[in-house]
Amino acid sequence: MHASSAIARKPVLVAVALGVIALALLLILARAGGPTNAFASSHAEAPLISQDPRADNTDLYAFVSPDNTNTVTMIANYIPLESPAGGPNFYSFDDTVLYEIKVDNNGDGVPDLGYQFRFTTKTHNPDTFLYNTGPITSLTDPNWNRPQTYSVTLVHFNQAGKQEGPGQVLGSDIPTPPDNVGPRSTPNYNSLAAAAVTTLPGNIKVFAGQRDDPFFVDLGSIFDLAGLRPFNPFHLIPLAADSGRDALAGKNVHSIEIQVPISDLVTFSSPTIGIYASASRQKVRILDENGQEQSHGPWVQVSRLGNPLINEVVIPLGDKDYWNREAPADDQQFEKYYNSPEVSKLENLLYGALPPGGPSNGHAGGALQAIDETGRSDLTTILLTGVPGFNQIGSSTTDADLLRLNTAIKPGANGACPGGTASSAPPDRLGPLGPSADLCGYPNGRRLSDDVVDIDLRAFAQGYGTFLHTAFGLPNKTPNNLLGDGVNQNDLPFSGSFPYVAPPHQGYEVP
Amino acid sequence: MRRQRWILVAAAAGLTVVAVTLGGILHESSSPAPAAAAAPAGPVGQAPPGDTAATVTQLQTKLRANPNDVSALDSLGLAYQQRARETGDPTYYTKSDEALHKALALMPDDLIATSGLGSLALSRHRFRKALVLGRRARAISPTTARNYGVIGDALVELGRYHAAFKTFDTMAAMEPGLSSYARVAHARQLLGDVPGAIAAMRLAADAAQGQGEAEAWTHVQLGLIDLSVGKYQAAATQDREALYVFPEYALALDALARAEAGLGRDGQALRYEQEAVNRIPLPQYVATLGDLYAATGRPGLARKQYELIGVIQRLLVANGVKTDLETALFNVDHGIRLRASLALARLARRERPSIDGDDVLAWALERTGHCGEALRFSKRALRLGTLDALKYFHRGMIEGCLGHRTEQRVWLRRALRLSPQFSILWAPVAKRELR
């Protein structure tokens with residue numbers, strides 16, 4: 001657009017950052033909720049800018065279980081930014097949402113099998129709105145007024161992605177733990193949560209319930225003109241360098257976790273599987289054909305997640321809703337956004353030249369090397385097709401936003417596998433981009449400790465690190481390969497065994 | 001288009017959750033006392049201040065540095081609309097209008113400013129304008145569901161129900177969720193399908209759970225459906241649940257007052273309506289408060305409330321809100337300047353040819369003795385099969401005015417059977433007429 005040339009460089013920049021705020025605000029408005037009635041009783045202003053946190057898939061993780069390397073653990077998180085003091089109703093899964101984790105094992109982008117999770121909430125005492133009427137000491141404690149259980153169903157899909165038959169119910173009436181309210185309502189929380197870990201026939205483990213949000217990122221700085229505190233001196237508007245601050249520290253989320261034998265998931269032709277999670281809501285029509293509300297669909301997918309940050313970083317505003325509704329098998333239509341990524345342009349704009357007067361302190365970095373703004377086959381490879389010889393499914397080059405995990409790459413006892421062999425070193429937060437070339441990390445699946453923000457910042461800046469450059473020919477520009485937000489780990493440590501994600505912050509402690 | 005692409009960049013390291021950073025604060029502030037200590041019913045605890053005010057201040061500061069920042073203007077325009085909802089102060093509409101128009105002048109294809117002006121037009125009851133803006137937003141992004149909400153809402157108020165319902169179905173097929181379920185519920189209610197409306201609004205309530213005011217809003221809507229069919233106890237329970245999740249919510253206080261009035265508890269009704277008015281002095285709430293005072297034998301206090309309405313309405317009009325239909329109904333109901341009110345009702349109905357426009361005009365015609373013409377519009381007002389006791393009552397009075405005694409009794413009985421206390425003012429009249 002020609003008019004943009006009339007806009008001076010700095011104002012454009014500022015517009016960028018405030019654009020983030022615009023998006024943020026849209027969601028805030030929804031969360032603050034609130035359409036009140038205009039005073040005409042007939043004109044009830046229903047919410048227009050609404051969020052859907054209970055069907056909002058925030059993150060997906062998939063890794064070969066470090067404590068049981070014959071299995072894969074898949075974790076799908078929903079309900080962003082839960083405040084631990086989330087009363088009076090607290091958070092729960094939505095009984096009217098279909099939650100799914102789906103697996104493509106032949107590389108056509110279409111899921112071959114999937115696990116469906118359906119929730120049911122009971123109300124013990126309909127005469128009170130209270131979440132609990134006393135301490136909850138077990139998962140069947142009648143003091144817990146609204147316990148939620150769920151079923152797990154294994155389904156298979158045909159080549160068109162249509163579900164074949166009703167599927168096989170692997171378990172039903174499986175308990176979930178309550179939210180972590182506080183020492184009076186939920187004493188001994190960890191034992192409550194442990195009691196909700198359930199083993200199903202076929203050596204499948206499941207857990208669903210509130211957990212600490214394992215994601216970590218410096219939102220505050222990124223929202224301020226895409227700032228990265230450690231790189232403040234090199235920003236077009238320089239500031240003194242600082243360490244990152246985790247904006248999600250102290251926040252909870254709802255996790256659905258399933259651990260499955262690898263042999264249930266893979267075919268003989270490929271050890272790599274592609275995974276995505278989704279949430280679907282029932283479609284309703286004003287005039288239902290039979291006048292009856294259906295309790296089982298038809299379902300419309302309202303959110304999906306494969307690789308992290310795709311909808312946030314790659315897909316433009318006007319297509320975001322549409323992208324969420326589409327199937328990964330149809331992702332070729334979005335390839336253009338990967339090929340000419342806006343993030344890379346922003347990185348060039350903000351960090352492509354040293355600020356006037358040079359860096360504001362003696363930081364070891366420097367201006368970024370120019371990043372390609374078009375023809376980014378590196379990104380389509382790692383994000384849409386998988387890396388040949390590493391985590392491609394068979395030899396398929398079909399575009400699909402799937403989290404691709406090579407199940408043949410086994411972690412050591414502590415979850416790391418530098419250079420592809422088990423090792424006693426801790427997992428490298430940068431996975432294969434890091435100094436220890438840890439092949440068990442993102443973009444080969446995704447572990448809880450993987451720093452996907454830094455990995456993405458470097459990938460979009462073509463700074464893939466030595467290993468990926470040498471082994472797979474991906475570009476490795478310097479100092480582009482040093483980028484990061486300065487938040488390198490989660491606020492709470494992860495567990496070495498299922499359900500891995502840290503227990504939720506307690507409402508009493510974290511208001 | 002360029003700026004929109006930049007917006008996306010901005011989400012750069014962006015997160016799924018991005019957005020709710022500030023929303024989280026709002027959410028926290030809306031949490032009342034710990035569950036065990038909170039009373040299960042009634043307006044208790046402190047009012048949630050909401051942090052929209054802080055957001056506004058922050059955006060204003062940024063705009064002082066860069067007055068031509070389109071995204072900040074967008075955000076500010078939307079924040080002002082939220083402030084208007086929170087405070088009932090219509091001057092925020094004017095401010096929102098200015099911010100969004102400035103954004104649009106800088107970036108004519110801006111999706112947020114276009115749909116934001118659409119929702120603003122809806123709030124100001126400028127439905128033809130809202131329709132144009134909704135369609136423009138849809139042209140910019142045909143895959144964004146909320147654009148269909150703006151269009152459908154406008155079509156409903158313009159009386160173009162067939163097109164409106166098609167639009168809502170499109171929206172609901174595209175993106176099932178709170179916004180679309182609520183609209184399907186409203187459409188079903190218009191069509192007289194109460195169980196269907198409740199089913200869809202329950203889905204909306206499920207989708208809204210945990211979202212403070214939005215959740216409370218769905219409970220109030222469920223309560224209003226109950227209220228419309230005379231289930232006052234069930235309505236009161238929904239309204240109390242709304243107040244439990246979002247204390248001192250004016251919309252819920254007003255609805256609870258009307259449910260209490262239905263249950264014959266005028267003292268409680270007065271208390272809740274007074275609290276609603278204290279929170280947000282919307283003309284509708286003030287009128288109900290006045291009616292409650294009048295019904296409980298305090299005409300002086302009633303008159304005071306009625307006098308307030310004129311002032312509030314002038315403030316609304318000064319900020320671009322069309323109030324003709326509401327003013328006409330209030331005046332006709334209270335016997336104020338009847339001939340002028342009929343003219344106003346005719347004008348309002350032309351602007352807003354919905355079943356409500358038809359009904360208010362029918363009622364104004366009846367009150368001024370034009371009962372033949374009134375019958376025509378009453379028939380139009382009931383053409384969708386809506387279960388609405390007040391519209392039934394209006395019809396009964398029109399039939400009576402025309403000397404159709406049997407029909408009069410049929411319609412008045414129908415009104416009272418549906419909701420024995422359908423109106424503080426008129427339910428007693430309906431009962432008297434049937435004696």
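## Strand pairing in chain A

Two strands are taken to pair if DSSP finds at least two bridges between them, strands being DSSP runs (E, at least two residues) numbered from the N terminus. The model is predicted: local features need pLDDT of at least 70, side-chain atom pairs count only at pLDDT 80 or more, and totals for chains, interfaces and linings use all residues. Residues are numbered from 1 along each chain as its sequence is written, while chains are lettered from A and ligands numbered from 1 in the order in which they are written.

In chain A, five strands form an open sheet with antiparallel pairing, in the order β1-β2-β9-β8-β7. Its edge strands, β1 (57-64) and β7 (198-200) of chain A, each pair on one side only. Three bridges join β7(A) to the antiparallel strand β8 (residues 204-212) of chain A; A:Thr199 has A:Lys205 in β8(A) as its bridge partner.

## Nonpolar cores

A nonpolar core is a set of buried Ala, Val, Leu, Ile, Met, Phe, Trp, Tyr and Cys residues joined through C-beta atoms within 7 Å. A residue is buried if 20 or more other C-beta atoms lie within 10 Å of its own, exposed if 12 or fewer, and partly exposed in between, with C-beta atoms placed from the backbone.

The largest core has 255 residues; among those touching the most other members are A:Ile275, B:Tyr181 and B:Phe393. Helix α11 (residues 194-208) of chain B gives the most to this core, with ten residues. A second, separate core of five residues includes A:Trp144 and A:Tyr189.

## Two sides of a helix

In α3(B), a helix (a DSSP run of H or I, at least four residues), B:Thr52, B:Thr55 and B:Leu59 are buried. On the other side of α3(B), B:Thr57, B:Thr61, B:Arg64 and B:Ala65 are exposed.
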